[in-house]
Amino acid sequence: MNFDILAEKTRYLKENPKGVSEMCKVMEDLRDESYAEGHAEGREEQAQMTAKNLYEQGLTIEQIARAIGFSMDTVEKWLTQKAG
């Protein structure tokens, strides 16, 4: 790769107001995407723990699925993974 081209692009992104704006937008998008993924993973982990607790209390898979907002297939998969 040509270092002059790389240096020119880096200078544009760091020093030119349009370049700085572009870089800020990219960084914000990455942050938002990362936050959304982390939030979804955390929600699913919490739902799995809740499903296990509700199942141990005698609720059916259908009742658990309705309560936590996930499909019956998903809840059943979680419960069989935990048991197996």
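1. Asp29 and Lys25 share helix H2 (residues 17-56). They sit four residues apart, about one turn of the helix. Their side chains form a salt bridge, with the closest N and O atoms 2.9 Å apart. Asp29 is partly exposed, at a relative accessible area of 37%. Lys25 is partly exposed too, at 47%.

2. A word on confidence. This is a predicted model. The mean pLDDT of the chain is 89. Of its residues, 95% reach 70 or more. Among the elements, helix H3 (residues 61-68) has the highest mean pLDDT, 95. Helix H4 (residues 72-83) has the lowest, 87.

3. How many salt bridges does a search of the whole structure find? It finds three. The pair of Asp29 and Lys25 is one of them. The other pairs follow.

4. Arg31 and Asp32 meet through their side chains in a salt bridge, 3.0 Å from N to O. Arg31 counts as exposed, with 53% relative accessibility. Asp32 counts as partly exposed, at 40%. Arg31 is classed as exposed because its 53% is over the 50% cut-off.

5. Glu62 and Arg66 belong to helix H3. Here again the spacing is four residues, about one turn of the helix. The side chains meet in a salt bridge of 3.7 Å, N to O. Glu62 is partly exposed, at 43% relative accessibility. Arg66 is exposed, at 62%.

Conventions: Residues numbered from 1 in each chain as written. Predicted model: local features only at pLDDT ≥ 70, side-chain atom pairs only at ≥ 80, totals over all residues. Heavy atoms only, no water. pLDDT = per-residue confidence, 0-100. Helix = DSSP H or I, 4+ residues; strand = E, 2+ residues; numbered from the N terminus. Salt bridge = Lys/Arg side-chain N within 4 Å of Asp/Glu carboxyl O. Buried < 20%, exposed > 50% of the residue type's maximum accessible area, 1.4 Å probe, protein only.
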